[in-house]
Amino acid sequence: MIGKIKIILFAAIVIFGMSGISFAMSCDMDSHKDSGQAYAQDTDAVNVGNKTCPISGEEVDGNTTYEHKGKIYNFCCPMCIDAFKNNPEKYIAKAKEVTSGEHTTHEGHTR
């Protein structure tokens, strides 16, 4: 009797474990693209390198990014990504403006 219970418990653990693995493997990474969380970017996408959020003007957190037309923009928080989506051209111009003023010299010479 105890042997049968052990076998049933073992089978249940294996079945539930396999269904959990299947669920994890079916996760679509593109669904996280707009979440504001870091994720594996396409190799063609280029990070614009902004260290200041184009929405708030605060320092970016290093984990909150959004890809738009092959370019990766950095933000201070997920709420700023939502604002960016509403008017990307406005904030792309602001990101370019801010990025150009962030780092003008490199080891004693200008870019």
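Tutor: Let us begin with Val46, which stands opposite Lys71 in β3. Please keep in mind throughout that this is a predicted model.

Student: Which strands do the two bridges join, and in what sense do the strands run, parallel or antiparallel?

Tutor: The two bridges join β1 to β3, and these strands run parallel. On its other pairing, β3 (residues 71–75) meets β2 in the antiparallel sense, over five bridges.

Tutor: The open sheet of three strands has the order β1-β3-β2, and its pairing is mixed. β1 (46–47) and β2 (64–68) stand at the edges with a single partner strand each, so one side of each has no neighbour in the sheet. In general, the side chains of a regular strand alternate between the two faces of the sheet.

Student: Is β3 mostly covered or mostly open, and how many of its residues are buried?

Tutor: β3 is mostly covered, with four of its five residues buried. For the chain as a whole, 24% of the 111 residues count as buried.

Student: Which helix packs on the sheet, and which strands does that helix touch?

Tutor: Helix α2 (residues 78–86) packs on the sheet and touches β2 and β3, and its direction makes about 20° with that of β2. Asp82 is found in helix α2, and the C-alpha atoms of Asp82 and Tyr66 are separated by 9.8 Å, although the two residues are 16 apart along the chain. Asp82 itself is partly exposed, with a relative accessible area of 43%.

Student: How should I read the phi of Lys69?

Tutor: The general idea is that most residues other than glycine have a negative phi. Lys69 has a phi near 50°, a positive value in a residue other than glycine. The setting is the hairpin of β2 and β3, which has two residues between the strands, and Lys69 has its place in the loop between β2 and β3. With a relative accessible area of 70%, Lys69 counts as exposed because the cut-off for that class is over 50%.

Student: Where does Asn63 lie, and what separates Asn63 from Asn74 in sequence and in space?

Tutor: Asn63 lies in the loop between β1 and β2. Asn63 and Asn74 are eleven residues apart in sequence, while their C-alpha atoms are 7.8 Å apart in space. Asn63 is partly exposed, with a relative accessible area of 46%.

Student: Which residues make the nonpolar surface patch?

Tutor: Met1, Ile5 and Leu9 make that patch, which covers about 360 Å². Ile5 is found in helix α1 (residues 2–25) and is partly exposed, with a relative accessible area of 42%. The chain exposes about 8,100 Å² in total, and carbon and sulfur atoms supply 61% of that area.

Student: What does the whole chain look like when its elements are listed from the N terminus on?

Tutor: The elements run α-β-β-β-α-α-β-β, and the secondary structure comes to three helices and five strands. Among contacts between residues at least 6 apart in sequence, 43% join residues at least 24 apart.

How values were computed. Residues are numbered from 1 along each chain as its sequence is written. This is a predicted model: local features need pLDDT of at least 70, side-chain atom pairs count only at pLDDT 80 or more; totals for chains, interfaces and linings use all residues. Side-chain values use heavy atoms; hydrogens and water are left out. Patches are made of residues with over 30% relative accessible area and no salt bridge: like charges are joined within 9 Å, nonpolar side chains (Val, Leu, Ile, Met, Phe, Trp, Tyr) within 5 Å. Accessible areas come from the Shrake-Rupley method with a 1.4 Å probe; for residues, only the protein chains shown count as cover. A salt bridge is a side-chain nitrogen of Lys or Arg within 4 Å of a carboxyl oxygen of Asp or Glu. Buried means under 20% relative accessible area, exposed over 50%, partly exposed in between (1.4 Å probe, protein chains only). Contact means heavy atoms within 4.5 Å. Two strands pair if DSSP finds at least two bridges between them. Axes are lines fitted to C-alpha atoms, for helices over the stretch in contact, and angles run from 0 to 180 degrees between N-to-C directions.
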